[in-house]
Amino acid sequence: MNVEFEKALQYINLGEYDKAIAALDTAIMQEEDAGNDTIATEYRCVLGELYVQLDMEMQARDELTTVVEYCDKNNVLEKQRKIAKAYLNAYDGIPLPKDLFGQEKPAKKPARPGHLPMVLKPTQDKAFIAKQMNKKRR
């Protein structure tokens, strides 16, 4: 993984979005210069998502459109294409799909029956009784 990309991820985690954008641009340029267009497109997708989160619609559209075009042309990076296409559709009024990031909401736990105590009583087996009896002798 590119050092500049790692820096960008750390800047995103710290909330330094201007520095993150600069680091992502540098990482994209480095990968394109090295001839790694597929990796550069992955980084471009991250940059597009960052622009979406920062409400920078024009920049986000440019980056995400580039991602979709590259993925369609070379038939690679299906996950990035799906993400970029979903955000572009969202800008056009189509809501984001619920399974965009592959995370389903966990099913709701069933409610605890009212007749069960909050803290269950320990099972009173032979070892438990012996332990309790030893406590009383102290």
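These are my notebook entries on one predicted model, taken from the whole chain down to single residues.

**Ground rules.** I'm working with a predicted model, in which local features need pLDDT of at least 70, side-chain atom pairs count only at pLDDT 80 or more, and totals for chains, interfaces and linings use all residues. My numbering starts from 1 along each chain as its sequence is written, and side-chain values use heavy atoms, with hydrogens and water left out.

**Whole chain.** I looked up the elements and found six helices and zero strands; helices are DSSP runs of H or I with at least four residues, strands are runs of E with at least two, and both are numbered from the N terminus. From the N terminus on, I read the order as α-α-α-α-α-α. Buried residues make up 27% of the 138 in the chain (buried is under 20% relative accessible area, exposed is over 50%, partly exposed is in between, with a 1.4 Å probe and protein chains only). I also checked contacts (heavy atoms within 4.5 Å): among those between residues at least 6 apart in sequence, 38% join residues at least 24 apart.

**α2 against α3.** I took helix α2 (residues 17–33) and helix α3 (residues 37–53) next; they pack at an angle of about 160 degrees, with axes 8 Å apart. Axes here are lines fitted to C-alpha atoms, for helices over the stretch in contact, and angles run from 0 to 180 degrees between N-to-C directions. On the α2 side the contact includes Y17, L24 and I28, and on the α3 side it includes Y43, L47 and Y51. I sorted the contact residues into 13 nonpolar, no polar and five charged.

**L47.** Leaving aside neighbours within four places in sequence, I find L47 in contact with I21, L24, D25, I28 and E63.

**Q80.** Is Q80 buried or exposed? At 18% relative accessibility, Q80 counts as buried. I place Q80 in helix α5, and, not counting residues up to four places away in sequence, Q80 touches E42, C45 and V67.

Notes: Nonpolar A, V, L, I, M, F, W, Y, C, P; charged D, E, K, R; others polar.
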